[in-house]
Amino acid sequence: MTHPVHTPVVAADGGLIRFTLADLLVSRATSMRLELSDGGAAEPWLTRLVGAETSLAVLGQGQADVPTRPEMGRLALLLWLRRWWPASPSLGVPSLDPALLDLETAVATADVEDLAEGLLDGFEASPAELFDTAIADGALLAAAPPVAGEVRGLCARLAAWFDDQDDVVRAEAAAEVSARLENAAPGQRAYALAAGTDPVMTGEGVLASGRASVDWARVPPGILDAAEDTVTWRIVAAAAATRLEVEVAGAFADAAITAVAARDGEPFAEVPLSLGAGRFTGTADLDDAATRLAADVHSGRITLVVGVAGEGVAGTTAEDRAQVVALVRARPPEARTLAERAAAAADDEEF
């Protein structure tokens, strides 16, 4: 089965709507795949989305490829960006501001609700929830200046939509954001990858060492650089205790993450990681059994996983990640989202 990193999806009431990533990234999606899990729940919105005749055919088959609807494609892409966007300065892929992503996703979600009422019942976030997150602590106002005009337009659309929903409080809040941005001047992004220096690693006392890559599926989005080989580990023999040291270069934000070391698939140490200057680091003392293990094996038999290490996680491969990065880097400017345009504008200001 194709990994979710390659298939943007909208979780609907009673089914899934899938797209091909390569098509969405270049704005050439012509079809979308409907996969039903509960025909009774899906039937009302399915009829509104594809019409009565096609709806009957899809309900009979349980799945089908149908002509795409632009509203569905936009929402699927934005949801993918929020989860899988491979930010990496070294790869030339900028970070995307979460407040701008949340705002545009709020608008896209409202558009889908208007297109097919009931489709998003039980969805992960409503337009109201996404808008609330976007404006929390002034995040949207801080991120908006590079694309202030577009943000004003989206806020105006949301204000009208909330008003139609009799959500007066949010309608007024969206209108207020729009008004406050009327004279906003472009400015740089309020965040950046923290600077750091590479650690000095001597060979003294090192029993084993190696490098690893972060599996995007095992860590929260927007936390770590998406490049390969950003993890460095070593097992060091010291007078007091033998310890495992781990460093993960390229930190964009804080999160609770750990690193798990295993020999031939059997875990033997877990290291809580803390955010430092542009990186996560952590150290854990090893017990006698783990120390003997490390001393008796070659580094190549030891693996290290950053993030969730359970077998239930559908992990990404190096090939998965390379394909996605290539697609993102080839993305045409005219297909960019609001957050991408803001990132590009901020980069232009820096030079």
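Predicted model: local features only at pLDDT ≥ 70, side-chain atom pairs only at ≥ 80, totals over all residues.
## Burial and overall build

Residues are numbered from 1 along each chain as its sequence is written, and side-chain values use heavy atoms, with hydrogens and water left out.

The protein chain has twelve helices and eleven strands; these are DSSP runs numbered from the N terminus, with helices (H or I) of at least four residues and strands (E) of at least two. Along the principal axes, the C-alpha atoms fill a box of roughly 70 × 55 × 35 Å. Contact here means heavy atoms within 4.5 Å. Among contacts between residues at least 6 apart in sequence, 71% join residues at least 24 apart.

## Aromatic rings

Two aromatic pairs are found in a search of the whole structure. Rings of Phe, Tyr and Trp (its six-membered ring) pair if their centres lie within 6.5 Å; planes under 30 degrees apart count as stacked, over 60 as edge-to-face and the rest as tilted. F131 and F162 form a tilted pair, with 5.6 Å from centre to centre and 55° between the planes. F131 lies in helix 6 (residues 127-135) and F162 in helix 8 (residues 148-164), so this pair ties together parts that are 31 residues apart in sequence. F131 counts as buried because its relative accessibility is 0%, and F162 counts as buried at 1%.

W161 and F162 form an edge-to-face pair, at 5.7 Å centre to centre and with 70° between the planes. W161 is buried, as is F162.

## Two arginines

The charged end of R83 sits over the ring of W84, 4.1 Å from its centre. For this description, NZ of Lys or CZ of Arg must be within 6 Å of the ring centre and within 35 degrees of the ring normal.

R321 is placed in helix 11 (residues 318-329). R321 counts as buried because its relative accessibility is 7%. Not counting residues up to four places away in sequence, R321 touches S213, V214, D215, W216, E228 and T316.

## Helix 2 against helix 3

Helix 2 (residues 39-50) and helix 3 (residues 52-61) pack at an angle of about 145°, with their axes 8 Å apart. The axes are lines fitted to C-alpha atoms over the stretch in contact, and angles run from 0 to 180 degrees between N-to-C directions.

On the helix 2 side, G39, E43, L46, T47 and V50 meet A52, T54, S55, V58 and L59 in helix 3. The residues of this contact divide into five nonpolar, four polar and one charged. Ala, Val, Leu, Ile, Met, Phe, Trp, Tyr, Cys and Pro count as nonpolar, Asp, Glu, Lys and Arg as charged, and the others, Gly among them, as polar.

## A buried loop residue

L224 is found in the loop between strand 5 (206-212) and strand 6 (231-237). With 9% relative accessibility, L224 counts as buried. The C-alpha atoms of L224 and A251 are separated by 4.8 Å, although these residues are 27 apart along the chain. Leaving aside neighbours within four places in sequence, the contacts of L224 include A87, V214, V248, A251, F280 and V306.

How values were computed:
Buried < 20%, exposed > 50% of the residue type's maximum accessible area, 1.4 Å probe, protein only.
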